[in-house]
Amino acid sequence: MSERLNWGFSLSNQTLPLLRQLLERGLIDRIASPADGVAWQTGDLQRLLTSEWPRSRAFVAVGSCGAITRLIAPLLSGKDTDPAVVVVDGQGRFAIPLLGGHGAGAEALAIAVAALLLGEAVITGASASQGRLALDSFGTGWGWRRGPGAWDALMKSSARGAPVQLEHQSGNDRWLQLDGLPCIGTSSERLSVGVERSDHCRWHPPALWVGMGCERNTSLELLERGLSEALAAQGLALEAVAGLASADRKADEPALLELAERHGWPLRCFSSSALHAVEVPNPSPVVEAELGTASVAEAAALLACGPNASLRVQKHIERAAPGEQGAATVAIAQAAEQWAPQRGTLHLIGSGPGSLALLTPDARAALAESRVWVGYGLYLDLLEPLRRPDQLRSDGQLTQERERCREALELACQGLSVALVSSGDSGIYGMAGLALEQWMALAKHDRPAFQVHPGLSALQLAAARAGAPLMHDFCTVSLSDRLTPWAVIEQRLQAAADGDFVVALYNPRSKGRDWQLGRAQELLLAQRPGTTPVVLARQLGRPEEAVSLHTLGELPIEQVDMLTLVLIGNSSSRVEGGRMVTPRGYPGAELS
């Protein structure tokens with residue numbers, strides 16, 4: 001299967017920087033620019049579009065809707081085959097899905113483009129305007145592929161508010177918790193999720209893995225026929241296949257590689273020892289004598305299918321027809337829910353202190369891309385205005401960080417794009433480290449994409465509100481001893497006092513930990529004067545924000561809680577005019 005790309009092009013050379021942002025973020029794969037570097041010559045852009053139109057997923061065009069419409073009009077063939085087209089104005093303020101809003105994914109692409117450019121996606125489709133779930137496109141974000149069916153009739157029925165039968169047979173069933181689902185009831189219109197073929201509208205989750213073993217230089221046609229017969233044996237849909245699996249020795253088999261490429265599947269290959277450890281219904285002593293494992297097809301399918309997989313189609317042997325060569329064994333396993341790590345992404349989101357105005361463009365774009373948001377309820381509440389009906393919210397408890405990481409990673413392994421949300425920056429006392437440890441514990445081929453998106457830390461915002469307290473060396477210390485022994489925390493506080501660092505204290509005081517802040521004050525007072533300025537910054541970036549200046553000797557400890565950041569100056573920090581400053585150097589040092 002030839003590579004299908006997302007293209008970007010601009011009608012004006014001055015707007016190419018917008019496209020470069022999209023290219024860096026991965027929203028487009030290539031930029032089409034004029035050969036002379038100044039302007040498109042007559043007919044050049046039209047010839048490029050004509051050449052790339054049939055083999056492209058999407059085009060993001062910077063220019064006017066009218067001009068882009070005239071360019072693409074001669075190329076239109078039908079909604080089932082045309083790529084998505086998104087138009088962006090020259091300032092990046094608006095992203096408009098001009099063509100292929102649902103089926104081709106233009107609406108989702110426009111939303112992602114607008115989020116990155118800090119613009120607005122102008123969505124005019126009926127589903128979006130009425131707050132309904134777009135039944136013919138939402139499954140893409142869950143790693144699903146759409147089967148044949150009367151999708152137009154389903155969408156029209158849903159638009160009228162008529163009831164729709166919803167059925168879940170396999171895959172992740174949490175889609176039934178999404179907002180904007182149609183009225184559920186008895187109807188001729190049906191929407192289901194499952195791995196079997198169907199005459200009605202069905203999304204197919206990536207729950208099937210095909211195991212294959214074959215002789216050297218087996219014909220591709222033989223493998224295709226074996227695959228088709230194995231699927232037909234149980235009425236399974238090709239769209240539900242997540243990938244191919246085989247033995248290490250077959251990792252360079254030409255027909256296997258071509259079969260995987262043709263269908264856009266990964267090819268996972270396992271060692272003989274790993275395959276030998278899998279219990280299968282049809283072991284072969286002949287295969288064991290040759291490869292050191294009694295099974296390739298069945299064992300590889302089960303291994304590739306993730307935890308608690310089951311064998312759906314036992315192995316059968318496909319032999320060469322006239323004009324072909326070789327032989328192959330084919331088996332199919334089904335995941336407990338769905339399993340497609342290669343389709344999933346785990347986004348670690350730093351949501352900032354709380355205000356949406358302080359959310360970084362990179363984090364905003366990742367949130368727009370993600371179909372499930374996992375996080376502590378308070379943090380998700382602050383992001384709620386950005387959530388769409390096709391995005392599921394999963395609230396967790398404050399102290400259940402490991403469970404939230406595990407949930408988000410499992411969803412990403414199933415093929416979903418998942419946002420794991422921390423306040424501030426996810427890499428500063430957030431979820432990034434714990435999530436990365438769990439990700440590293442997975443086998444290499446079971447790891448989804450992993451991306452960390454930085455956020456504005458409370459430390460930075462507190463410093464900005466107070467003046468310029470971080471102009472010299474500083475450190476951060478968390479006073480929570482839930483994950484770190486207090487003896488270690490006290491050692492670090494002592495080192496910060498000895499080194500005369502500006503100190504930011506996170507998690508300073510709670511109902512169950514009401515003495516640690518006092519001990520920190522005592523340690524720091526032993527090395528710096530009681531007049532040392534201190535900032536108490538509470539509920540930063542939120543409507544309840546309060547920032548006040550105090551001294552270390554008269555610190556109002558009773559006013560501090562877990563929503564407060566305590567910022568303590570060093571021996572040279574001072575306050576003047578209601579602003580705190582830490583000089584860049586000490587007295588007698590030369591400032592260059």
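Of the 592 residues that make up the protein, 50% count as buried, where buried denotes a relative accessible area under 20%, exposed one over 50% and partly exposed one in between, with a 1.4 Å probe and protein chains only. The structure is a predicted model, in which local features need pLDDT of at least 70 and side-chain atom pairs count only at pLDDT 80 or more, while totals for chains, interfaces and linings use all residues. Residues are numbered from 1 along each chain as its sequence is written, and side-chain values use heavy atoms, with hydrogens and water left out.

The protein has 18 helices and 28 strands, these being DSSP runs numbered from the N terminus, with helices (H or I) of at least four residues and strands (E) of at least two. The C-alpha trace spans about 90 × 65 × 55 Å along its principal axes. Among the contacts (heavy atoms within 4.5 Å) with a separation of 6 or more, 68% involve residues 24 or more positions apart.

Helix α11, residues 297-304, is mostly covered, with seven of its eight residues buried. The buried residues are Ala297, Glu298, Ala299, Ala300, Ala301, Leu302 and Ala304, and the elements against which they pack are the strands β11 (208-214), β12 (241-247), β13 (267-270), β14 (310-319) and β15 (327-334), together with α9 (272-276). Just after α11, Gly306 adopts a positive phi of about 85 degrees.

A pair of packed helices was also examined. Two packed helices are described by the angle between their axes and the distance between the axes. For helix α7 (residues 220-233) and helix α8 (residues 254-263), the axes come within 9 Å and cross at roughly 60 degrees, the axes being lines fitted to C-alpha atoms over the stretch in contact and the angles running from 0 to 180 degrees between N-to-C directions. Helix α7 is therefore oblique to α8, given that angles under 35 degrees count as roughly parallel, over 145 as roughly antiparallel, 65 to 115 as roughly perpendicular and the rest as oblique. From α7, the residues making the contact are Leu220, Leu223, Glu224 and Leu227, and from α8 they are Ala255, Leu256, Glu258, Leu259, Arg262 and His263. By class, six residues in this contact of α7 with α8 are nonpolar, one is polar and three are charged, where Ala, Val, Leu, Ile, Met, Phe, Trp, Tyr, Cys and Pro count as nonpolar, Asp, Glu, Lys and Arg as charged, and the others, Gly among them, as polar.

The structure holds 30 salt bridges, each defined as a side-chain nitrogen of Lys or Arg within 4 Å of a carboxyl oxygen of Asp or Glu. In one of them, the side chains of Arg174 and Glu407 meet with an N to O distance of 2.8 Å. Arg174 lies in the loop between β8 (165-168) and β9 (190-193), and Glu407 in helix α14 (residues 401-413), so the pair ties together parts that are 233 residues apart in sequence. Arg174 counts as buried at 17% relative accessibility, whereas Glu407, at 21%, counts as partly exposed.

A network of salt bridges links Asp179, Asp381, Glu384, Arg387, Arg393 and Asp395. Within this group, the closest N and O atoms of Arg387 and Glu384 are 2.8 Å apart, and those of Asp395 and Arg393 are 2.6 Å apart. Arg387 is buried, with a relative accessible area of 19%, while Glu384 is partly exposed at 28% and Asp395 is partly exposed at 43%.
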